[in-house]
Amino acid sequence: MAIVPLNDAIRELVRDGDTVALEGFTHLIPHAAGHEIIRQGRRNLTLIRMTPDIVYDQMIGMGCARKLVFSWGGNPGVGSLHRLRDAVENGWPAPLEVEEHSHAGMAAAWAAGASNLPFGVLRGYRGGDLPARTRVARIACPFTGEELAAVPAHRPDAGIVHAQRADRLGNVQLWGILGVQKECVLASARSIVTVEEVVDELTPVPGAIVLPSWVVGAVCVAPRGAHPSYAHGYYDRDNDFYRAWDAISRDRDAFRAWMDEHVLGAVPA
Amino acid sequence: MTYTADEVMAVEAARRIGDGTVCFVGIGLPSLAANLARRTHAPRSVLVYESGTIGSKPYELPLSIGDGELAETADAVVTVPEMFAYWLQGGRIDVGFLGAAQIDRHGNLNSTVIGDYDRPAVRLPGGGGAPEIALGVRDVFVMLRHSRRAFVEKLDFTTSLGDHVRVVVTDLGVLEPRDGELALTQLHPGVDPERAREATGWDLRLARDVRETDPPTEDELHALRSLRTKGEA
């Protein structure tokens, strides 16, 4: 697919009621795409993401989500995600259903989704109170009888990630901490990749991977589209903003005012 | 030299990391302790962060487990599914650090909710890597400040199991498993045993061989203070 404007891609590929994943493990978090979903007023989304981070705090606080599937919902090194907590603890701005997993379980669910398998298998979810509160089943190894955990595969309607760059044909190149970026794109029925820039040629970079254009639904140019997360080789993680978000997000009015100024008022939907 | 409670925690945890140990490191105090060990007595210890960086050697401490410097200084960077499947589940990690909001006498941890799960008083971040780290590494080190809110008779939610917890380093002392439950085995300099017992929500036993923690040395404190968190003045 050719390179298209982000607002067109979101309009076409993300629909009310969809199961949507915006992935990126600390690195390459697709904030620009999340903001466009907020501006277009998507509702009743089931949001999947290992670490909800600020991007889902914003989407949940703006009322986009009905359900959250996740494994660690904090502000790394800072504390709570206050909009996520307000939704779970007080139902503001709307009640939020929660399905929580461990990181290992989420990772297995992503690998299974990318592999077109119905579930992932791991030696996990042993004991404790989590198994009774989430979607997990015990299965026996058919060869040894060992008891293992099965987690349902992630198969989102739309998967969205950020990457460093694409070529003019829409082949995408990314490097640094790769998280579950590839799995998210391959497991999703529709996908969007935002990139820092479009280049004539994807020259080799150590540790880089390429997502061929034919597995990507839409490529959109979004410079600094991961901020306050980062794009390795382009800009650093904005740790000051992560710290500042604590105060902005703690108060409902301060949060709404910040979103009005920096997101809703930023670009026409 | 004078030192803070956090500093004695980091120093005491670092001393327990042998040279060449492969450590699964979280943010905050565990990252401080592991990096201190690597810069002092354990230069060949390997720091693994759950974002997929193996053998990270950060100049400054990261704020998140996925800061760019962790990848830039790593021996290898792997994907998150590979990290948890091949490396953690694969049995390649010796020591895993965990923190929590609550711990019980068996080293079980809660990082999920305070109060009822469906109507929580406080929704905590959740388990993250903890449930599988807790049973997938050889030795679990817990770092947690001592208080009755944290050291409880009964957890509100059991996020991870204590079977592999070998040591709990607090700001008052050290707890280790003795006769089936965590007992106080060390007190930091100047800490009265009654203070540790009062800060514990169960009837904390004192080990027969309870001893005083060696005070942090000048070298340890100097190395520790040269490690500052990225973005801090």
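1. Which residue of β9(A) is the bridge partner of Ala140(A)? The partner is Glu147(A). The model is a predicted one, in which local features need pLDDT of at least 70 and side-chain atom pairs count only at pLDDT 80 or more, while totals for chains, interfaces and linings use all residues. Residues are numbered from 1 along each chain as its sequence is written, and chains are lettered from A and ligands numbered from 1 in the order in which they are written.

2. The sheet of chain A. Strands (E, at least two residues) and helices (H or I, at least four) are DSSP runs, numbered from the N terminus; two strands pair if DSSP finds at least two bridges between them.

3. β7(A) and β9 (residues 147-152) of chain A are antiparallel and share 4 bridges. Along this pairing, Val121(A) lies opposite Ala150(A) of β9(A), and Gly120(A) has Val151(A) of β9(A) as its bridge partner. β8(A) is likewise joined to β9(A) by 4 bridges in the antiparallel sense. These two strands, β8(A) and β9(A), form a hairpin with 6 residues between them, and Gly145(A) in the turn has a positive phi of about 85 degrees.

4. Helix α2 against helix α3 in chain A. Helix α2 (residues 31-39) and helix α3 (residues 53-61) of chain A pack at an angle of about 0 degrees, and their axes are 10 Å apart. Axes are lines fitted to C-alpha atoms, for helices over the stretch in contact, and angles run from 0 to 180 degrees between N-to-C directions. The angle makes α2(A) roughly parallel to α3(A); angles under 35 degrees count as roughly parallel, over 145 as roughly antiparallel, 65 to 115 as roughly perpendicular and the rest as oblique. His31(A), Gly34(A), Ile37(A) and Ile38(A) of α2(A) meet Val55(A), Gln58(A) and Met59(A) of α3(A), two residues being in contact if their C-beta atoms, placed from the backbone, lie within 7 Å. By class, this contact of α2(A) with α3(A) has 4 nonpolar, 3 polar and no charged residues. Ala, Val, Leu, Ile, Met, Phe, Trp, Tyr, Cys and Pro count as nonpolar, Asp, Glu, Lys and Arg as charged, and the others, Gly among them, as polar.

5. Helix α1 against helix α2 in chain B. The axes of α1 (residues 5-15) and α2 (residues 29-39) of chain B come within 8 Å and cross at roughly 55 degrees, which makes α1(B) oblique to α2(B). The crossing is right-handed; a crossing is left-handed if the near helix is turned anticlockwise from the far one by less than a right angle, and right-handed if clockwise. Among the residues in contact are Asp6(B) and Met9(B) of α1(B) and Leu32(B) and Leu36(B) of α2(B). By class, the contact of α1(B) with α2(B) has 10 nonpolar, no polar and 1 charged residues.

6. The contact between the chains. Chain B contributes 39 residues and chain A 45 residues. On the side of chain B that touches chain A, α3 (68-72), α4 (80-88), β9 (120-123) and α5 (130-136) of chain B each supply at least two residues. The largest share of that side, 5 residues, comes from α4(B). By class, the side of chain B that touches chain A has 17 nonpolar, 17 polar and 5 charged residues.

7. A helix pair across the two chains. The axes of α5(A) and α4(B) come within 8 Å and cross at roughly 115 degrees, which makes α5(A) roughly perpendicular to α4(B). Their crossing is left-handed. The contact includes Ala104(A), Trp110(A) and Ala111(A) of α5(A), with Phe84(B) and Leu88(B) among the residues of α4(B). By class, the contact of α5(A) with α4(B) has 10 nonpolar, 1 polar and no charged residues.

8. Chain B overall. The secondary structure of chain B comes to 7 helices and 14 strands. Its C-alpha atoms fill a box of roughly 50 × 45 × 35 Å, taken along the principal axes.
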